[in-house]
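Please examine the sequence and the structure shown below. A short report on selected features follows.

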Amino acid sequence: MSAIGTPALACKPGDYKSDVKPIWCPGCGDYHVLMSFTRAFAQLKLPPEEVVVVSGIGCSSRIPAYTNCYGFHGVHGRSLALAAGLKVTRPDLTVVVASGDGDGYSIGGNHFLHACRRNIDMTYVVMDNHIYGMTKGQPSPTTEPEFDTALSPGGTGVRPFHPLVVALASGANFIARCFSGDPNETASVLAEAIKHPGFSFVEILSPCVTFRPDESAWKDMVHTAPVPETSDQGKAARRLMTDDGFNLGILYRGSRKPYRPPVGTTSIDLAELEKDFEL
Amino acid sequence: MSKAPDAPKVASLNDLLAVAYQIEIDAVDRYKLLADQMETHNNPELVKIFRDLARAEGIHGEEIRRLAGDFDVVAHAREIAKFKRSESPEEADLGSAHYLMTPWHALQLSLGGEKRALAYFTSIVETAKDPKVKAMAAELVEEEAEHVNLVNRLLLRYPKPKDNWADDLDPPVSQE
């Protein structure tokens, strides 16, 4: 995080929204996530021009276009790589990365591990709906094994990925889970995630009303985590391993030092470098 | 999920007017968003309904502003009228929207919002210590009760659709 609280003029949440109208399905949880983004930015008084929202591919990854901040709608699964490059070269910017469970955990799964490990100061938000929505309903890494559709008859039978456990084991410095249907609480958690130094991971359960209408039941299933957040990795691991998938709140807040590469002039001459690439 | 009351503290008449104003403005924004969604998904009947509802809530907001006289209710609302955990009472539930929803569904969303606003102002009447706040909250209760009745009357024009209202002959689930 950077630049928090510096603007002369405080922005309202609406000031972070662009004029582009979202084309998500009505009822999609991502509308609420967009609200949470803008509310969190307003809460932190971030100047829109000092925030960059980076994404990959998928319904959730459309979010940069709907904000008035800088944005980078990147390639599938590579949002974290793009964001890491940006953040190490422009540490003054607040970098928020948006992804979905397909983009983030499958195509971008490897980047996820190493982003947690590197602990660069940025916030990774994954809108998890347990399905590939944009490509019409294929099972994703978080889809339940018994989820039965024409595309996965009888279910995949494959154990779902546990993103929060993976994040903890890989070194993420802040881990939280939110529900899109509670945009104010989600905004508060996002604000905490952005403020926290290092790599912050926020999973947002965001129902897909079109391909997973059963997820409308999530609003009655989610609940605040019964124990307060911890900074103890062992405790966090036990809690996350026994988690029912619907505990909400900040679940782990670590104190690892964020990775910051040395900043300064390079001894490599650009002309020399270009020569190496000459055909 | 915890939906514990987290409404802004209403300690004065100005606080109450600011919160009441904000509730109407939040409802306007939500209806506009729903209208935009319906526009994107080519449901023109619902676009009109949501735009009408937005207009109606906007008029209510303006009425409250007038009621506040010289007091800058807009600025005060920005300061104090924040619902921390729950959404603003009159905001229609975004999660219940559907691209094939009918006027009945839209009015159900509206009815839900009006009832939540009614319950909210009723709770102020019941808990307020300041007689001026209590009296104004009672007026707002009357107003919201009127809106509930109005939506119920509108619902008479739009009977509940059949159970298959969401059937799409060209469904997005094209691979099923």
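Is B:Leu109 buried or exposed? B:Leu109 counts as buried because 23 C-beta neighbours lie inside 10 Å; the term buried requires 20 or more other C-beta atoms within 10 Å, exposed means 12 or fewer, and partly exposed lies in between, with C-beta atoms placed from the backbone.

This is a predicted model, in which local features need pLDDT of at least 70 and side-chain atom pairs count only at pLDDT 80 or more, while totals for chains, interfaces and linings use all residues. Residues are numbered from 1 along each chain as its sequence is written, and chains are lettered from A and ligands numbered from 1 in the order in which they are written.

B:Leu109 belongs to helix α4 (residues 103-127) of chain B; helices (H or I, at least four residues) and strands (E, at least two) are DSSP runs, numbered from the N terminus. Apart from neighbours within four places in sequence, B:Leu109 is in contact with B:Ala92, B:Asp93 and B:Ser96, where contact means C-beta atoms, placed from the backbone, within 7 Å.

In chain A, the axes of helix α1 (residues 30-43) and helix α6 (residues 183-195) come within 8 Å and cross at roughly 50°. Between chains, 28 residues of chain A are in contact with 21 residues of chain B. The table gives the composition by class; Ala, Val, Leu, Ile, Met, Phe, Trp, Tyr, Cys and Pro count as nonpolar, Asp, Glu, Lys and Arg as charged, and the others, Gly among them, as polar.

| Region | Nonpolar | Polar | Charged |
|---|---|---|---|
| Contact of α1(A) with α6(A) | 8 residues | 5 residues | 1 residue |

Technical notes:
Axes are lines fitted to C-alpha atoms, for helices over the stretch in contact, and angles run from 0 to 180 degrees between N-to-C directions. Two residues are in contact if their C-beta atoms, placed from the backbone, lie within 7 Å.
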